[in-house]
Amino acid sequence: MTRASTPSGSTTATDTAATATATDTDTDTGSGTGPGSPHPAEPAPDHGPESAAVRAVWQDLGLPGLIDVHTHFMPDNVLRKVWAHFDALGGLWPITYRFDEDERLSLLRGFGVRRFTALSYPHRPGMAAWLNDWAGDFADRNPDCLRSATFYPEPEARDYVASALEAGTRVFKAHLQVGRYDPRDPLLADVWGLIADAGTPVVVHCGSSPEAGPFTGPEPFAETLRAHPGLTAVIAHAGAPDYRAFLDLAEDHERVHLDTTMVFTEFSKDWAPFPDQEVPRLKGVADRILFGTDFPNIPHPYLEQLRALARLDLGDDWLRDVLYGNAARLFGL
Ligand SMILES: [Zn+2]
């Protein structure tokens, strides 16, 4: 399989940077949007025209809105480190939605996003439980957020995942690239088992884009699925760049889904293009493709992800399922 290269050899992406959490931030759960934030967000422009353009897409399809299964909300100090990481790329990856949390939330709601996630993920031990506490509080404050949690291969994982499920977690995130862990790690066996038994979806970044990790690519997670065939998995970025192999996985496992995050966009065409000849297969698994965007850390307007999906020309029914219907069914909305 090939490894995707990023623009100008950059090895970063939203998810890579999202774990640039320094140890000194781990116990800081402040919102960071108050006075004294070292890098104030930009003042909010008028989002009216953009919101109207996004809403027109789903309104024209007769949908009640959008469900975005791949969005990132995280402790403010973590997010600001993410932005700093992107800024260091010298303009390669402009953050389109560099706003304070309230503004980001109002943007999504203005777009007509009825449900969204708050995906975060650890890059080392001792971090997941803290992220889960933050995400739980965030979901309590924002009922349109699907309560989100994460984990890492560590002895405590079983207990905090069980607690997260008891607290009503609707979706988990596992990041094999950033975490650089093996999904077959024995410390995760009970975790996958609990999540499978609960039927709770887990968004798994197991693809090798933007950069391969020691356990990315189709095989390690395929083996995990063989051990836990009941797992409801959502393959982030449709497994970019190994789209064929992850389509195979979705065809072989009826509970495996693919999210659209950044796939098919003009930006991703440069470094992880989706093969034209595989497009028809997206109809075969039409009931398991879920709209996702990577908001807010995306280098293009939100509308671009919608336009990219429409450009596939797979029909209005397909779009309705992807933008809303499939996620509504999966999350029981
Ligand atoms: Zn992401």
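Predicted model: local features only at pLDDT ≥ 70, side-chain atom pairs only at ≥ 80, totals over all residues.
Residues are numbered from 1 along each chain as its sequence is written.

Helices (H or I, at least four residues) and strands (E, at least two) are DSSP runs, numbered from the N terminus. Strand β5 covers residues 171–175, and because five of its five residues are buried, it is largely enclosed by the rest of the structure; buried here means that 20 or more other C-beta atoms, placed from the backbone, lie within 10 Å of the residue's own. Both faces are covered, with V171, K173 and H175 buried on one side and F172 and A174 buried on the other.

As for pairing, which requires at least two DSSP bridges between two strands, β5 runs parallel to β4 (residues 148–150) and is joined to it by three bridges, in which K173 is the bridge partner of T150. With β6 (residues 202–205), β5 pairs in the parallel sense over four bridges, and there H175 stands opposite H205.

Turning to L319, this residue is found in helix α14, residues 316–330, and counts as buried because it has 23 C-beta neighbours inside 10 Å. Leaving aside neighbours within four places in sequence, L319 is in contact with L61, L309 and A310, contact meaning that the C-beta atoms, placed from the backbone, lie within 7 Å. I289, 30 residues apart from L319 in sequence, is 9.6 Å apart from L319 in space, C-alpha to C-alpha.

Methods
Buried ≥ 20, exposed ≤ 12 C-beta atoms within 10 Å, placed from the backbone. Contact = placed C-beta atoms within 7 Å.
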